[in-house]
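The sequence and model are shown first.

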Amino acid sequence: MKNVLILLVGLMCNAFVLVGQEAALKDYTSNYEQVMNRTQWWREARFGMFIHFGAYSVPARGEWVKSNERLTTEQYQKYIDTFNPADFDAKVWAKTAKAAGMKYAVLTAKHHDGFCMFDSKLTDYKLSTRFGGRDLVREFLGAFRAEGIKVGLYYSIIDWHHPDYPNVGNHPQRNDKEYAKRLFTWDNYLKYMHGQVEELVKNYGKLDIMWFDYSFDEYSGEKWKAKELVDMVRKYQPEIILDNRLSTHEGSSSKQRMVNTLGDFETPEQGIPDVAISDKYGNPVPWETCLTLNGGWGYTELDHNWKSPELIVHTLVNCVSKNGNLLLNVGPDARGIIPEESVEILKEVGKWLGKNGESIYGCGSSNLAKPDWGRYTQKGNAIYAHWLYPNLGQLNAKGVVGETVKNVYLLKSGAELSYQKTW
Ligand code: GLC
């Protein structure tokens, strides 16, 4: 009898495990479907503009200057005081993005330095008070929407200025023993951070994307009260898309990510995954590479190492060929102007997209293997062969079954091309 009982208990446990697994899979599937529905327009858009703009454009050594040079808030203040983006014109930025063929844009509402580019009621550490009351974020949103570009805001959950944010991670005062003695009340910081996010999602009309940055070590997920934050964001903005940086992904590989309820898309930075990102069931997972045009996100005066328009086009094709997006960064200078070099590169990319956009927007990976001479993208039964690398005359479209090919032509001119089944 005893043995039988033990056996029964064992069976029951297994049954619970199975029921538990089934329920988890059901939850996962339902969340996965929601993520795919929400991100549909975004996965079709494929190309967006990232804008890193803040008082750090004055020192012009990147947005990490306060941390890199261990500046105190007092030392940083001179940049805040000098910062006067008098030439900022959101309409010009929006036209630049539009001409580049970008379909969405994400602006830094607050970066790690804590200085707010929006008119937050929760702090005086903001641009609007010294900018004639102008709310730069609101102007950005209006101008980009007017061009038909979807809009998003970047918000740093890290804050190197707030008195209740401890000197952890890469905080500028990480080695300052005196600073560490201060009393940090984490809940005060969370209240402030949640409050600011609420201002953004409540007072600025429809936002298409919220780009949180970033989690590290134990500062991840529930440390930020992420679930509550996401619920609040979705309460005001039910269709908004969120990046994945409210939590870290310990233990998962870069190729395989499970979608979760705290974010809708993966955010590889300054690099492209070697294959399309998928979950463990093989479902595609939305992702977006964010990339700088030179080496910096924020304006960097001395960095002239610009990527060529050709490299950007290749990069965009590379992303799309793996079901990914490209969020390409500009860092306006302290006057509010997007560097001329960036504008020139974007113009060229826009020209290419003007002729070849059909092979990017709404496209994803094709199931043909990557050819030597370039990459494929695909939309429905159209396969776009991107001839990227020098090749001798003929392109071998291995895997394309000759009989099924109806037509081969050059996208930019519509000119018919010949094809044959053998050399
Ligand atoms: C990093 C950096 C940050 C930049 C961001 C863009 O998290 O901290 O400066 O804004 O990446 O992806």
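## Terms and source

Two strands are taken as paired if DSSP finds at least two bridges between them. Helices (H or I, at least four residues) and strands (E, at least two) are DSSP runs, numbered from the N terminus.

The model is predicted: local features need pLDDT of at least 70, side-chain atom pairs count only at pLDDT 80 or more, and totals for chains, interfaces and linings use all residues. Residues are numbered from 1 along each chain as its sequence is written, and side-chain values use heavy atoms, with hydrogens and water left out.

## Domains

The protein is divided into domain 1 (1-38), domain 2 (44-359) and domain 3 (364-423); these bounds come from an automatic or database domain assignment. Seven residues of domain 1 and 16 residues of domain 2 make up the contact between those two domains, where contact means heavy atoms within 4.5 Å. The C-alpha centres of domain 1 and domain 2 are 39 Å apart.

## The open sheet

Seven strands make an open sheet with parallel pairing, in the order S5-S4-S3-S2-S1-S7-S6. Strand S5 (241-242) and strand S6 (287-291) are at the edges with a single partner strand each, so one side of each has no neighbour in the sheet. S6 runs parallel to strand S7 (residues 324-330), and five bridges join them. Within this pairing, Trp287 has Gly324 in S7 as its bridge partner.

Helix H10 (residues 309-320) packs on the sheet and touches S1, S6 and S7; its direction makes about 150 degrees with that of S7. Axes here are lines fitted to C-alpha atoms, for helices over the stretch in contact, and angles run from 0 to 180 degrees between N-to-C directions. Helix H6 (136-146) lies across strand S1 (47-51), S2 and S3, and runs at about 155 degrees to S3.

## Strand S1

S1 is paired on both sides. With S7 the pairing is parallel and has five bridges, and Phe50 stands opposite Asn329 in S7. With S2 the strands also run parallel, joined by four bridges, and Gly48 stands opposite Tyr104 in S2.

In a regular strand the side chains alternate between the two faces of the sheet. In S1, Phe47, Met49 and Ile51 point one way, Gly48 and Phe50 point the other way, and all are buried. The term buried means under 20% relative accessible area, exposed means over 50%, and partly exposed lies in between (1.4 Å probe, protein chains only). Five of the five residues of S1 are buried, so the strand is largely enclosed by the rest of the structure.

## The S8-S9 hairpin

Strand S8 (residues 374-379) and strand S9 (residues 382-387) run antiparallel and are joined by six bridges. Tyr376 has Ala385 in S9 as its bridge partner. The two strands form a hairpin with two residues between them, and Gly380 in the turn has a positive phi of about 55 degrees.

## Salt bridges

A salt bridge is counted when a side-chain nitrogen of Lys or Arg is within 4 Å of a carboxyl oxygen of Asp or Glu. The count by this rule is 18 salt bridges. One of them joins Arg130 and Asp81 (3.4 Å, N to O). Arg130 is in the loop between strand S2 (104-110) and helix H6, and Asp81 is in helix H4 (residues 73-82), so the pair ties together parts 49 residues apart in sequence. Arg130 is partly exposed, at 34% relative accessibility.

Asp159 and Lys110 form a salt bridge at 2.8 Å, N to O. Asp159 lies in the loop between strand S3 (150-156) and helix H7 (177-180) and Lys110 in S2, 49 residues apart; both Asp159 and Lys110 are buried. Asp119 and Lys121 also meet in a salt bridge (3.2 Å, N to O). Asp119 is partly exposed at 24%, whereas Lys121 is exposed at 64%. Arg38, Arg234 and Asp264 are linked in a salt-bridge network.

## Cysteines

How many disulfides does a search of the whole structure find? The search finds zero, with a disulfide taken as a pair of cysteine sulfur atoms within 2.5 Å. For Cys290, the closest cysteine sulfur is in Cys319, 10 Å away and too far for a bond. The closest cysteine sulfur to that of Cys363 is also in Cys319, at 14 Å, again too far for a bond. Cys290 is buried, with a relative accessible area of 1%, and Cys363 is buried at 1% relative accessibility.
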